[in-house]
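Dear colleague,

Please find below the sequence and the structure that I am handing over to you. My notes on what was found follow directly after it.

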Amino acid sequence: MRILFIKEKRSSTGIEGSAKYLLYLCKYFNQLKINYLVFYNDKDQYYQLLLKNKIKVKYVKFKINSPKNIFLILRFRRFVKNILKKNLFTHISVHFVGLHLLLPKRKNIQYISFLHAPNVKNEKKNYEFKNFLNIKKVIKKLYFRFFYNNFSKADLVLCGSKGSKNTALEHFKVPQEKILMHKYGIIDYSDEKILSFREELNIDKNSKVIISVGRETIDKGVLDFCKVAKILASDKLKFIFLGGFRDYELHKKLVQDYGKYVNFIGMREDVNSFYKYSDLHLFLSHREALGGNVILESLSFGLPLVTWNTIGVNEVMINNYNGLMCEIGKIDQVVKSVNLLLNDKGLYNKISTNCKIDFNEKYSINQNGKRILEIFEKY
């Protein structure tokens, strides 16, 4: 088996959930000496992270987000076609919508696509005459509808949640028989030697810490987290938000309005330190493609979660088993759940133990990678 992965840059650093999953999968393949190669289109932090972890990656220039890139797409497609003539790979796996544009017509090779998006916002239909005169908008709309969003080349589409499966069926019109459910898996770092962040942030061992991990966006629940912190933060209960931001004005306002309740520390390479030495993970994302890598990371460390009961999240979280789920938007329920977990030692310990059990049974990269190999062998 020889697998070519094609991954597109999707964020400023390149490091997001689907990117980390591919990293974990390739590390697992390294252990088993599986032949693979990753094509990636940037030399960003993610690319450097792949190199650091001895992942077999090659920088290849391509862009697919506009019909302006058609010549670059065709050139890359010829490049792939020449590779396939040499029979260097048995499978090609793309990690995001639109990447099928880079692939030539199938010839004795399987195309397996990962669909990470949970849903797609419906575009409002606008029939104003002036929009029909805007040739650029018309071309772009046709490009995305008939080319970018086209999964017809895929032999198999792997969906990690019911939300992404529904998106495949309803939005991308992928036939039911081409779809297979497959969730993320991650590497368990919980037993490694990890230094505590508490001394750096001057937090004593008797204080409890609640974290949230994700981008500083409304959809990722940063404002909800801040509202809870405003109610509960004290000298003995600290709130920390880890993650970068895209909107500086939003970041500035969050710090201005909630800076005395929440420590916004940005992106950290030592995020595992926060999983290991915190007391609770408050993950209030409004929706997740595949349950969210950060949920799985919490489970691996036995760190209980309080979450919204929402799409993607509720396919990983089991209420009163590996955490507590609240009705989305009900801040009072979150506050009550946080107090319950932090003050009921028996419940806390039970849920912490269940987190580890759930992770080991369902989400370790060893289990996940084994399933992926079985899927690839089958096709």
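The count of salt bridges in this predicted model comes to 13, a salt bridge being a side-chain nitrogen of Lys or Arg within 4 Å of a carboxyl oxygen of Asp or Glu.

Asp 44 belongs to the loop between strand 2 (35-40) and helix 2 (45-52), and Lys 9 to the loop between strand 1 (2-7) and helix 1 (17-32), so the pair ties together parts that are 35 residues apart in sequence. Helices (H or I, at least four residues) and strands (E, at least two) are DSSP runs, numbered from the N terminus. Asp 44 is buried, at a relative accessible area of 9%, whereas Lys 9 is partly exposed, at 24%. Here buried means under 20% relative accessible area, exposed means over 50%, and partly exposed lies in between (1.4 Å probe, protein chains only).

Another salt bridge is formed by Glu 315 with Lys 183, where the closest N and O atoms are 3.3 Å apart. This pair links distant parts of the chain, 132 residues apart: Glu 315 is in the loop between strand 12 (305-308) and strand 13 (323-326), and Lys 183 is in the loop between strand 7 (179-181) and strand 8 (208-213). Glu 315 counts as buried because its relative accessibility is 19%, while Lys 183 is partly exposed, with a value of 22%.

Lys 253 and Asp 257 also form a salt bridge, their closest N and O atoms being 2.9 Å apart. Both residues lie in helix 8 (residues 248-258), four residues apart, which is about one turn of the helix. Asp 257 is partly exposed, at 31% relative accessibility.

How many disulfides does the rule give? The count is zero, with a disulfide taken as a pair of cysteine sulfur atoms within 2.5 Å. In general terms, a disulfide is a covalent bond between the sulfur atoms of two cysteines. The cysteine sulfur closest to that of Cys 226 is in Cys 326, 17 Å away, which is too far for a bond. Cys 355 is likewise in no disulfide, and its nearest cysteine sulfur, that of Cys 326, is 15 Å away. Cys 226 is buried, at 0% relative accessibility, and Cys 355 is buried with a relative accessible area of 0%.

His 100 is found in the loop between strand 4 (91-95) and strand 5 (110-115). Its relative accessibility is 4%, so His 100 counts as buried. Apart from neighbours within four places in sequence, His 100 is in contact (heavy atoms within 4.5 Å) with Val 94, Ser 113, Asn 150, Phe 151, Lys 153 and Ala 154.

Phe 147 is found in helix 5 (residues 135-148).

Two backbone angles deserve a note. Lys 54, which is not a glycine, has a positive phi of about 60 degrees; Lys 54 lies in the loop between helix 2 and strand 3 (57-59) and is exposed, at 68% relative accessibility. Asn 202 also has a positive phi, near 60 degrees; Asn 202 lies in the loop between strand 7 and strand 8 and is exposed, at 70%.

As to confidence, the protein chain averages a pLDDT of 90, and 94% of the residues score at least 70; pLDDT is the predictor's confidence in each residue, from 0 to 100. Confidence is lowest in helix 4 (residues 129-133), at a mean of 54, and highest in strand 11 (residues 280-283), at 98. Over residues 122-127 pLDDT stays under 50, and the model has three contacts beyond four places in sequence for them. Where pLDDT is low, the predicted coordinates should not be read in detail.

Residues are numbered from 1 along each chain as its sequence is written, and side-chain values use heavy atoms, with hydrogens and water left out. As the model is predicted, local features need pLDDT of at least 70 and side-chain atom pairs count only at pLDDT 80 or more, whereas totals for chains, interfaces and linings use all residues.

With kind regards
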